[in-house]
Amino acid sequence: MDLLPKIKVFGMGGTIASKGTSNSQTAGYKVGLTIKDLIDAVPSLKEVAELDYLQVANVGSKLLNSSHLLRLYASITEAFKGGFKGVVVTHGTDTIEETSFFLDLTIKSDLPLVIVGAMRPSTANSADGLMNLYQAVKIATSESSKGRGPLVVLNDRIASGFWTTKVSGFALDTFRPGEQGFLGVFQNNQIEWYYPPIRPYGHQYFDISKINELPEVIILYAYQGLNAGLIYSAVELGAKGLVFAGFGAGHWTDEGNNAARDVWVKYGVPTVYSHRTVEGSVPVANATHFDGAIASGILNPQKARILLQLCINARYSVIEIKKSFSSVYGG
(Lines give C-alpha, C1' and ligand atoms only; values in the text may rest on other atoms or scores of the structure.)
Protein backbone atom coordinates (compact mmCIF):
# COMPACT_ATOMS: atom_id res chain seq x y z
CA MET A 1 0.00 0.00 0.00
CA ASP A 2 1.40 3.39 -1.01
CA LEU A 3 1.92 5.88 1.77
CA LEU A 4 -0.18 9.03 1.55
CA PRO A 5 1.70 12.31 1.07
CA LYS A 6 2.27 14.36 4.21
CA ILE A 7 0.52 17.73 4.02
CA LYS A 8 0.66 20.49 6.63
CA VAL A 9 -2.44 22.68 7.02
CA PHE A 10 -2.18 26.10 8.65
CA GLY A 11 -5.30 27.87 9.88
CA MET A 12 -5.56 31.65 9.75
CA GLY A 13 -9.32 32.07 10.32
CA GLY A 14 -11.65 33.87 7.93
CA THR A 15 -15.08 33.04 6.53
CA ILE A 16 -14.11 29.41 5.98
CA ALA A 17 -13.81 29.14 9.79
CA SER A 18 -16.91 31.20 10.57
CA LYS A 19 -20.42 30.51 11.79
CA GLY A 20 -23.64 32.47 11.47
CA THR A 21 -26.88 32.34 13.44
CA SER A 22 -29.00 31.01 10.56
CA ASN A 23 -28.61 29.02 7.35
CA SER A 24 -29.39 32.08 5.25
CA GLN A 25 -26.89 34.44 6.91
CA THR A 26 -24.00 35.44 4.62
CA ALA A 27 -22.92 38.64 6.39
CA GLY A 28 -22.24 39.61 9.98
CA TYR A 29 -21.02 36.13 10.97
CA LYS A 30 -18.12 35.45 13.33
CA VAL A 31 -15.04 33.24 13.28
CA GLY A 32 -15.90 30.23 15.42
CA LEU A 33 -14.16 27.12 14.05
CA THR A 34 -10.59 25.92 14.52
CA ILE A 35 -8.47 24.31 11.85
CA LYS A 36 -9.09 20.98 13.61
CA ASP A 37 -12.84 21.53 13.30
CA LEU A 38 -12.49 22.13 9.57
CA ILE A 39 -10.36 19.06 8.95
CA ASP A 40 -12.65 16.86 11.06
CA ALA A 41 -15.62 18.08 8.99
CA VAL A 42 -14.14 16.54 5.82
CA PRO A 43 -13.57 12.82 6.59
CA SER A 44 -12.56 12.09 3.01
CA LEU A 45 -9.34 14.05 3.55
CA LYS A 46 -8.00 10.94 5.28
CA GLU A 47 -8.13 9.18 1.93
CA VAL A 48 -6.11 11.92 0.23
CA ALA A 49 -3.26 12.83 2.58
CA GLU A 50 -1.64 12.32 5.93
CA LEU A 51 -2.47 15.62 7.57
CA ASP A 52 -0.89 17.63 10.32
CA TYR A 53 -2.18 21.07 11.26
CA LEU A 54 -1.37 24.23 13.19
CA GLN A 55 -3.52 27.20 14.15
CA VAL A 56 -1.36 30.23 13.31
CA ALA A 57 -4.21 32.72 13.80
CA ASN A 58 -7.99 32.58 13.95
CA VAL A 59 -9.37 35.95 12.94
CA GLY A 60 -11.02 37.67 10.02
CA SER A 61 -8.31 38.50 7.52
CA LYS A 62 -8.98 42.22 7.88
CA LEU A 63 -7.22 41.91 11.26
CA LEU A 64 -4.05 40.30 9.90
CA ASN A 65 -0.83 42.31 9.81
CA SER A 66 2.85 41.88 9.05
CA SER A 67 3.45 40.00 12.30
CA HIS A 68 0.96 37.33 11.23
CA LEU A 69 2.55 37.11 7.77
CA LEU A 70 6.02 36.63 9.22
CA ARG A 71 4.73 33.95 11.59
CA LEU A 72 3.05 32.16 8.69
CA TYR A 73 6.20 32.45 6.58
CA ALA A 74 8.29 30.88 9.36
CA SER A 75 5.74 28.07 9.86
CA ILE A 76 5.62 27.21 6.14
CA THR A 77 9.40 27.30 5.83
CA GLU A 78 9.72 24.94 8.79
CA ALA A 79 7.10 22.58 7.34
CA PHE A 80 8.93 22.27 4.03
CA LYS A 81 12.25 21.72 5.80
CA GLY A 82 10.53 19.11 7.98
CA GLY A 83 9.64 16.86 5.07
CA PHE A 84 6.05 17.80 4.27
CA LYS A 85 5.25 17.39 0.58
CA GLY A 86 2.85 20.30 0.44
CA VAL A 87 1.21 23.04 2.48
CA VAL A 88 -2.37 24.33 2.65
CA VAL A 89 -3.34 27.63 4.29
CA THR A 90 -6.96 28.36 5.20
CA HIS A 91 -7.46 32.11 5.11
CA GLY A 92 -10.03 34.88 5.00
CA THR A 93 -10.75 36.06 1.46
CA ASP A 94 -10.59 39.80 2.19
CA THR A 95 -6.78 39.82 2.19
CA ILE A 96 -5.92 36.44 0.72
CA GLU A 97 -4.39 38.15 -2.31
CA GLU A 98 -1.94 40.05 -0.13
CA THR A 99 -0.84 36.96 1.80
CA SER A 100 -0.49 34.86 -1.35
CA PHE A 101 1.56 37.59 -3.07
CA PHE A 102 3.77 37.96 0.01
CA LEU A 103 4.37 34.20 0.14
CA ASP A 104 5.16 34.13 -3.59
CA LEU A 105 8.01 36.57 -3.00
CA THR A 106 9.38 35.01 0.19
CA ILE A 107 8.92 31.21 0.19
CA LYS A 108 11.89 29.58 -1.53
CA SER A 109 10.47 26.21 -2.49
CA ASP A 110 8.93 24.55 -5.51
CA LEU A 111 6.72 22.31 -3.35
CA PRO A 112 2.95 22.88 -3.60
CA LEU A 113 1.60 25.76 -1.51
CA VAL A 114 -2.17 26.29 -1.69
CA ILE A 115 -4.16 29.10 -0.06
CA VAL A 116 -7.88 28.50 0.31
CA GLY A 117 -10.89 30.32 1.73
CA ALA A 118 -14.65 30.54 1.41
CA MET A 119 -17.24 33.13 0.52
CA ARG A 120 -19.98 31.68 2.75
CA PRO A 121 -19.74 30.76 6.43
CA SER A 122 -19.88 27.11 7.42
CA THR A 123 -23.49 27.42 8.59
CA ALA A 124 -24.88 28.79 5.31
CA ASN A 125 -26.94 26.84 2.82
CA SER A 126 -24.56 25.68 0.08
CA ALA A 127 -21.51 26.67 2.11
CA ASP A 128 -18.44 26.42 -0.11
CA GLY A 129 -15.65 26.07 2.45
CA LEU A 130 -15.43 22.30 2.89
CA MET A 131 -15.31 21.52 -0.83
CA ASN A 132 -12.73 24.27 -1.30
CA LEU A 133 -10.64 22.74 1.50
CA TYR A 134 -10.86 19.26 0.01
CA GLN A 135 -9.78 20.56 -3.38
CA ALA A 136 -6.90 22.53 -1.85
CA VAL A 137 -5.53 19.46 -0.07
CA LYS A 138 -5.93 17.33 -3.18
CA ILE A 139 -4.05 19.91 -5.26
CA ALA A 140 -1.31 20.15 -2.61
CA THR A 141 -0.70 16.39 -2.89
CA SER A 142 -0.18 16.45 -6.65
CA GLU A 143 3.26 16.34 -8.23
CA SER A 144 1.81 18.45 -11.02
CA SER A 145 1.37 21.36 -8.58
CA LYS A 146 5.11 21.78 -8.05
CA GLY A 147 6.93 24.81 -9.41
CA ARG A 148 3.85 26.99 -9.77
CA GLY A 149 4.25 29.21 -6.72
CA PRO A 150 1.43 29.81 -4.23
CA LEU A 151 -1.96 28.83 -5.64
CA VAL A 152 -5.32 30.32 -4.65
CA VAL A 153 -8.13 27.76 -4.86
CA LEU A 154 -11.83 28.62 -4.66
CA ASN A 155 -14.96 27.79 -6.63
CA ASP A 156 -13.32 24.95 -8.62
CA ARG A 157 -10.72 27.34 -10.05
CA ILE A 158 -6.96 27.43 -9.57
CA ALA A 159 -5.26 30.80 -9.80
CA SER A 160 -1.76 32.12 -9.28
CA GLY A 161 -1.42 33.79 -5.89
CA PHE A 162 0.84 36.25 -7.61
CA TRP A 163 -1.84 37.65 -9.90
CA THR A 164 -5.25 36.92 -8.41
CA THR A 165 -7.41 39.61 -6.81
CA LYS A 166 -10.81 39.78 -5.13
CA VAL A 167 -13.49 41.55 -7.16
CA SER A 168 -16.71 40.93 -5.19
CA GLY A 169 -17.69 40.88 -1.55
CA PHE A 170 -20.23 38.05 -1.96
CA ALA A 171 -19.92 36.19 -5.29
CA LEU A 172 -18.45 32.68 -5.15
CA ASP A 173 -16.32 33.43 -8.22
CA THR A 174 -14.86 36.53 -6.59
CA PHE A 175 -11.21 35.79 -7.38
CA ARG A 176 -9.97 36.78 -10.82
CA PRO A 177 -6.39 36.74 -12.15
CA GLY A 178 -7.13 39.45 -14.70
CA GLU A 179 -5.51 39.29 -18.11
CA GLN A 180 -3.07 36.61 -16.91
CA GLY A 181 -5.86 34.02 -16.65
CA PHE A 182 -6.52 31.00 -14.44
CA LEU A 183 -3.94 28.21 -14.23
CA GLY A 184 -6.46 25.39 -14.15
CA VAL A 185 -9.68 23.95 -12.77
CA PHE A 186 -10.72 21.17 -10.40
CA GLN A 187 -13.53 19.04 -11.84
CA ASN A 188 -14.92 15.68 -10.73
CA ASN A 189 -11.99 15.09 -8.35
CA GLN A 190 -9.49 15.80 -11.13
CA ILE A 191 -6.96 18.61 -11.51
CA GLU A 192 -6.87 20.02 -15.02
CA TRP A 193 -4.03 22.43 -15.80
CA TYR A 194 -4.05 24.85 -18.69
CA TYR A 195 -0.28 25.44 -18.63
CA PRO A 196 2.89 23.65 -17.51
CA PRO A 197 4.56 24.78 -14.26
CA ILE A 198 6.02 28.26 -14.62
CA ARG A 199 6.65 31.36 -12.51
CA PRO A 200 5.96 34.94 -13.61
CA TYR A 201 8.58 36.46 -15.88
CA GLY A 202 11.33 38.12 -13.82
CA HIS A 203 10.11 36.52 -10.56
CA GLN A 204 11.98 37.73 -7.46
CA TYR A 205 12.82 36.24 -4.08
CA PHE A 206 13.35 38.16 -0.84
CA ASP A 207 15.13 36.56 2.12
CA ILE A 208 13.25 37.54 5.29
CA SER A 209 14.51 34.68 7.46
CA LYS A 210 16.22 36.97 9.96
CA ILE A 211 13.65 39.75 10.48
CA ASN A 212 10.82 40.17 12.97
CA GLU A 213 8.98 43.10 11.42
CA LEU A 214 8.39 44.80 8.08
CA PRO A 215 8.62 48.56 7.47
CA GLU A 216 5.42 50.57 7.55
CA VAL A 217 4.03 51.41 4.10
CA ILE A 218 0.75 53.32 3.88
CA ILE A 219 -1.69 53.39 0.97
CA LEU A 220 -3.47 56.65 0.13
CA TYR A 221 -6.56 56.64 -2.10
CA ALA A 222 -7.26 59.24 -4.77
CA TYR A 223 -10.55 61.13 -4.78
CA GLN A 224 -11.92 64.47 -5.95
CA GLY A 225 -10.77 67.22 -3.60
CA LEU A 226 -7.83 65.14 -2.36
CA ASN A 227 -6.27 66.50 0.86
CA ALA A 228 -2.52 66.45 0.25
CA GLY A 229 -1.94 66.92 3.98
CA LEU A 230 -2.63 63.19 4.35
CA ILE A 231 0.80 62.55 2.83
CA TYR A 232 2.52 64.40 5.66
CA SER A 233 0.26 62.70 8.20
CA ALA A 234 1.24 59.28 6.87
CA VAL A 235 4.93 60.07 7.29
CA GLU A 236 4.31 61.42 10.79
CA LEU A 237 2.65 58.09 11.60
CA GLY A 238 5.87 56.31 10.70
CA ALA A 239 5.48 55.46 7.01
CA LYS A 240 8.78 54.51 5.37
CA GLY A 241 7.09 54.33 2.01
CA LEU A 242 3.83 55.39 0.36
CA VAL A 243 1.58 53.85 -2.28
CA PHE A 244 -0.90 56.01 -4.17
CA ALA A 245 -4.08 54.38 -5.45
CA GLY A 246 -4.27 56.94 -8.21
CA PHE A 247 -6.85 58.04 -10.73
CA GLY A 248 -6.88 56.13 -14.01
CA ALA A 249 -3.33 55.19 -14.95
CA GLY A 250 -1.85 56.40 -11.66
CA HIS A 251 -2.65 60.12 -11.86
CA TRP A 252 -2.41 62.29 -8.76
CA THR A 253 -3.07 65.96 -8.01
CA ASP A 254 -0.35 68.59 -8.49
CA GLU A 255 -0.55 69.50 -4.80
CA GLY A 256 -0.24 65.84 -3.86
CA ASN A 257 2.75 65.33 -6.16
CA ASN A 258 4.47 68.33 -4.57
CA ALA A 259 3.85 66.92 -1.09
CA ALA A 260 5.19 63.51 -2.13
CA ARG A 261 8.27 65.18 -3.56
CA ASP A 262 8.70 67.10 -0.33
CA VAL A 263 8.68 64.01 1.91
CA TRP A 264 11.09 62.30 -0.48
CA VAL A 265 13.57 65.20 -0.33
CA LYS A 266 13.25 65.72 3.42
CA TYR A 267 12.83 62.17 4.71
CA GLY A 268 13.75 59.82 1.87
CA VAL A 269 10.23 58.33 1.70
CA PRO A 270 9.60 56.81 -1.77
CA THR A 271 6.15 56.73 -3.38
CA VAL A 272 4.77 54.04 -5.65
CA TYR A 273 2.13 55.29 -8.06
CA SER A 274 -0.53 52.59 -8.50
CA HIS A 275 -4.13 52.69 -9.75
CA ARG A 276 -7.54 52.52 -8.13
CA THR A 277 -9.04 50.89 -11.23
CA VAL A 278 -9.73 47.14 -11.11
CA GLU A 279 -7.41 46.55 -14.05
CA GLY A 280 -4.89 48.60 -15.94
CA SER A 281 -1.32 49.74 -15.52
CA VAL A 282 0.80 52.68 -14.42
CA PRO A 283 3.59 53.27 -16.95
CA VAL A 284 6.90 54.88 -16.03
CA ALA A 285 5.84 58.02 -17.91
CA ASN A 286 3.19 58.63 -15.24
CA ALA A 287 5.65 58.43 -12.33
CA THR A 288 8.40 60.90 -13.20
CA HIS A 289 7.46 63.69 -10.79
CA PHE A 290 10.63 63.28 -8.66
CA ASP A 291 13.48 60.81 -8.17
CA GLY A 292 11.60 58.87 -5.48
CA ALA A 293 8.51 58.28 -7.65
CA ILE A 294 8.03 54.67 -8.78
CA ALA A 295 5.52 53.23 -11.26
CA SER A 296 3.64 50.14 -10.04
CA GLY A 297 3.02 48.78 -13.53
CA ILE A 298 0.06 46.39 -13.32
CA LEU A 299 0.34 45.81 -9.57
CA ASN A 300 -2.68 47.04 -7.62
CA PRO A 301 -2.08 49.15 -4.49
CA GLN A 302 -2.25 46.30 -1.99
CA LYS A 303 0.29 44.20 -3.86
CA ALA A 304 2.49 47.20 -4.61
CA ARG A 305 2.56 47.85 -0.87
CA ILE A 306 3.85 44.34 -0.14
CA LEU A 307 6.60 44.63 -2.74
CA LEU A 308 7.64 48.08 -1.50
CA GLN A 309 7.81 46.75 2.09
CA LEU A 310 10.12 43.96 0.99
CA CYS A 311 12.29 46.31 -1.07
CA ILE A 312 12.68 48.78 1.78
CA ASN A 313 13.41 45.95 4.21
CA ALA A 314 16.14 44.72 1.84
CA ARG A 315 17.62 48.24 1.94
CA TYR A 316 17.23 48.71 -1.79
CA SER A 317 18.14 52.06 -3.26
CA VAL A 318 15.38 53.83 -5.18
CA ILE A 319 17.07 52.73 -8.40
CA GLU A 320 16.93 49.12 -7.22
CA ILE A 321 13.28 49.53 -6.18
CA LYS A 322 12.40 50.84 -9.63
CA LYS A 323 14.23 47.90 -11.20
CA SER A 324 12.32 45.51 -8.94
CA PHE A 325 8.97 46.91 -10.07
CA SER A 326 9.94 47.13 -13.73
CA SER A 327 11.47 43.64 -14.00
CA VAL A 328 8.09 41.95 -14.37
CA TYR A 329 5.31 44.31 -13.44
CA GLY A 330 5.82 46.87 -16.19
CA GLY A 331 6.54 49.70 -13.75
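This is a predicted model: local features need pLDDT of at least 70, side-chain atom pairs count only at pLDDT 80 or more; totals for chains, interfaces and linings use all residues.

Biologist: What does UniProt list for residues 6-198?
Modeller: An unreviewed UniProt entry gives "domain: L-asparaginase N-terminal" for them.

Biologist: And how is the protein chain divided into domains?
Modeller: Domain 1 runs over 6-193 and domain 2 over 217-326. Their centres, taken over C-alpha atoms, are separated by 30 Å.

Biologist: How many residues does the contact take from domain 1 and from domain 2?
Modeller: Domain 1 gives 17 residues and domain 2 gives 12 residues.

Biologist: How much area do domain 1 and domain 2 bury between them?
Modeller: About 1,000 Å². Carbon and sulfur atoms carry 67% of it.

Biologist: Which residues in domain 1 lose the most area to domain 2?
Modeller: E97, E98 and F101. Together they make up 41% of what the domain 1 side buries.

Biologist: New topic. Where does UniProt place the "active site"?
Modeller: At T15 and T93, again from an unreviewed entry. The two are spread over 79 residues of sequence, yet they cluster in space, with a largest C-alpha distance of 7.3 Å. T15 sits in the loop between β1 (6-11) and β2 (18-19).

Biologist: Which residues carry the "binding site" feature?
Modeller: The unreviewed UniProt entry has S61, T93 and D94. These are spread over 34 residues of sequence but cluster in space too, and their largest C-alpha distance is 7.0 Å.

Biologist: Where does S61 lie?
Modeller: In the loop between β4 (50-55) and α2 (66-81).

Biologist: Now helices. At what angle do the axes of α5 and α6 cross?
Modeller: Roughly 30°. Helix α5 is residues 229-236, helix α6 is residues 254-267, and their axes come within 8 Å. Angles under 35 degrees count as roughly parallel, so α5 is roughly parallel to α6.

Biologist: Which residues make the contact?
Modeller: From α5, I231, Y232 and V235. From α6, G256, A259, A260, D262, V263 and Y267.

Biologist: How many of those are nonpolar, polar or charged?
Modeller: The α5 and α6 contact has 7 nonpolar residues, 1 polar and 1 charged.

Conventions: Residues are numbered from 1 along each chain as its sequence is written. Side-chain values use heavy atoms; hydrogens and water are left out. Axes are lines fitted to C-alpha atoms, for helices over the stretch in contact, and angles run from 0 to 180 degrees between N-to-C directions. Helices (H or I, at least four residues) and strands (E, at least two) are DSSP runs, numbered from the N terminus. Angles under 35 degrees count as roughly parallel, over 145 as roughly antiparallel, 65 to 115 as roughly perpendicular and the rest as oblique. Contact means heavy atoms within 4.5 Å. Ala, Val, Leu, Ile, Met, Phe, Trp, Tyr, Cys and Pro count as nonpolar, Asp, Glu, Lys and Arg as charged, and the others, Gly among them, as polar. UniProt positions are given in the numbering used here, feature names are shortened, and annotations may be inferred rather than shown by experiment. Domain bounds come from an automatic or database domain assignment. Buried area is the accessible area (1.4 Å probe) that two parts lose on being put together, summed over both.
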